[in-house]
Amino acid sequence: MRRQFTLRLGSAIHLPIDLRPALVLAALSILLCISTLHALQLGSTALSMDDVIRWLMPWQDADAETSAIMLLRWPRVTVAILAGAMIATSGYLLQVVSRNGLADPGLLGISQGGMAAVVIGAAVFGLPPAWLAWASLAGGFATALIVMTLAWRLSSSTGLILVGLAVGIVLGAAIEIIMVRGGILQFARWLAWSHGSLTSVSAGNAGMVALWAAVLLPLSLIASGQMMPLLLGHEQAAGIGASPRRLSLLLTLMAAALVAPIVAAVGPISFLGLIAGHIARALVGERPVAVMPVAMLCGALILQIADTVGRTLFLPVIVPAGILVSIAGVLAFLIAARLSRSSR
Amino acid sequence: MKAGPGLVLVTMAFFLLCGLHLTAGARFSAPALVFDALFDHDPRNYQHVVVIKQRLTRLVVAGYVGAVLAVSGLLLQKILRNDLVSPSTLGINSGAVAFVIFGIYLFGLNGAALFWPALIGGFAAVAVAFLAAGLVSRGRRDPLSLILGGAMTATLFSSATTFVISLDPDRFGNLMGWLVGDIGNFDYLPLAWLWPVGVTGIGFALVLCRQIDLLTLGTEQAATLGADPRLVRAGTLALAIPLAISAVCVVGPIGFVGLVAPHITRLLIGETGRPALGFCTLCGAVIVIAADIAARTLLAPQLLQVGTVMALCGGIAFLVIVVATLRRRAA
């Protein structure tokens, strides 16, 4: 039973609001605020909370030391939040399009497609950094189309994932050919990047990611209103007047676009979309309008916490956030695969 | 195709590729020169030294690795009755690599001692893969979920490997080639003491061939025909894993030989009987030798890694096999 309450603005505008998603959203936002404050505060030099809050207030000037540290820390925190939200959104879009609870940009090879395009673009054609996100978009979308076409009509939820993994392996080998040419230091950096690492994020990256996020996140929230018919399956969706094919294509493009800037800046973070989508659905049910924002906040929260834990808990060692997410993600994947309905 | 002609064919391919391997390279050596180097060796002739010290050693390593991985894959596919399993798709390779890296980092092991952590890693990976597959499939036996479990195991172990390497990249500087699976110029040194593992393994596989074949009929039928399924399965696993590990210890994780070679065998002469085992052994050797030739000549004078070439071709093969399996089930 869903409890609703209606927001009445004047006599004409009545907004029905579901209580449960609203409460979940509020709780997650508060958690995200708290974890962001901690992420800004903690690090190899811990600051006091007062300093952080004073730095955040635009009308008070912070001391020089805090500003200097924050200059290094805020891009990382921003990118962690935005990347988390975008990957979670992308994962959820793919889960709806493929009607498969296990879909995730990392598992379907979309991130690897983006990576391959970035690596080939940068190393072979010498693209400037500004173009890398677009290269990544092209590579990711092409891969998504290939994987989805190959797995078309194969009514098996594990089949899509295996096709995605196989495509990912081929692309990974192609990337490896190029990346092995440097020394071990570059190879180690590549290994960290191939699992996703926020270590080398700069203010420029943060700006680029923020720009893509500003366009794509609202767009996906709008799109979530149209996604309900897709959950019924293609025939039924077409039966009630939606055009599932065009919508699916559009949403896949959007899913590829959402991970493109992240792959260029941070590297692929596998499993995040899977975990966030599952948590969101466990929290608020199946309605895309409710699941989408909750998944975004979950993704942001998870990546944020993974990054903060990775760079503070094991000091002086810094664990890339992607590795923590992968390890947590493998376990989450197995649980999710067990829980998800096998008939899909 | 009958077994006899098949064996003759693969043997011919094997010798042809061996010859090609010795002549091809950054610089082409005439067959006469190779012949001289082999039978009338002159240690002061630089080209003779290249043929023997760089190409022959590589050839032996490639042949050994291919043969051993192919047999390991065939054994695994037979006892699990699942034609998608192989040392790499079950995560055995990644498990071995992860444990070797732990061994180096935590205990400073090197050389021969690394075989043991690799072996433990291989068994651990198989255990984890089965556990994961059990979680995914909820007790139903589904061949695809075992592969999914294996893929998850591989992700888990490769994350751990990456983490340990990122702690101290300099220390693993000379291991880069090994990590992606490459045949180096000095890889024949570990082979010098690892070859008994491969030879005993393949020998036992030939001896036990009949029992293992019975198991491909299914557990009940095998039991009726007088094989103890549990014992045979455990024994074969205890053969297949060390075989794969001995290859990983020499050249690092080279994937998909163990997947592709048994498939070719099955297509051409069927999977049961000793001739099939022999065919598969030679077929694996042929595949890796061909990959090594490709790695050395495609971008010559630059070298590619055999592991990378194999992952590229094998990944495509894996994709085709997965799609074919799915199509067959959907139909």
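This is a predicted model: local features need pLDDT of at least 70, side-chain atom pairs count only at pLDDT 80 or more; totals for chains, interfaces and linings use all residues.
Local features require pLDDT of at least 70 and side-chain atom pairs pLDDT 80 or more, whereas totals for chains, interfaces and linings use all residues. Residues are numbered from 1 along each chain, chains are lettered from A in the order in which they are written, and side-chain values use heavy atoms, without hydrogens and water.

**Exercise 1. Describe the overall build of chain B.**

Solution. Begin with the helices and strands, which are DSSP runs numbered from the N terminus (helices: H or I, at least four residues; strands: E, at least two). Chain B contains 14 helices and 0 strands.

Next, consider the radius of gyration, taken over C-alpha atoms; the globule rule is 2.2 Å times the number of residues to the power 0.38. For 331 residues a compact globule would have a value near 20 Å, and chain B agrees because its value is 20 Å. The C-alpha trace spans about 65 × 55 × 35 Å along its principal axes.

Finally, determine burial (buried: under 20% relative accessible area, exposed: over 50%, partly exposed: in between, with a 1.4 Å probe and protein chains only). Buried residues form 57% of the 331 residues in chain B.

**Exercise 2. Characterise the largest cavity and its lining.**

Solution. A cavity is a set of points, on a 1 Å grid over the protein atoms alone, where a 1.4 Å probe fits but cannot get out; lining residues have an atom within 4 Å of a point. Counting those of 30 Å³ or more gives 1 cavity. The largest cavity has a volume of about 1400 Å³, the volume being the space filled by probe spheres set on the points.

Its lining has 49 residues, with A:Ile169, A:Glu176, B:Ser94, B:Ala154 and B:Ser158 nearest the centre. H6(B) provides the largest share, 10 residues.

Definitions and conventions:
On a 1 Å grid over the protein atoms alone, a cavity is a set of points where a 1.4 Å probe fits but cannot get out, and a pocket is an open set with protein on both sides within 12 Å along at least five of seven lines; lining residues have an atom within 4 Å of a point.
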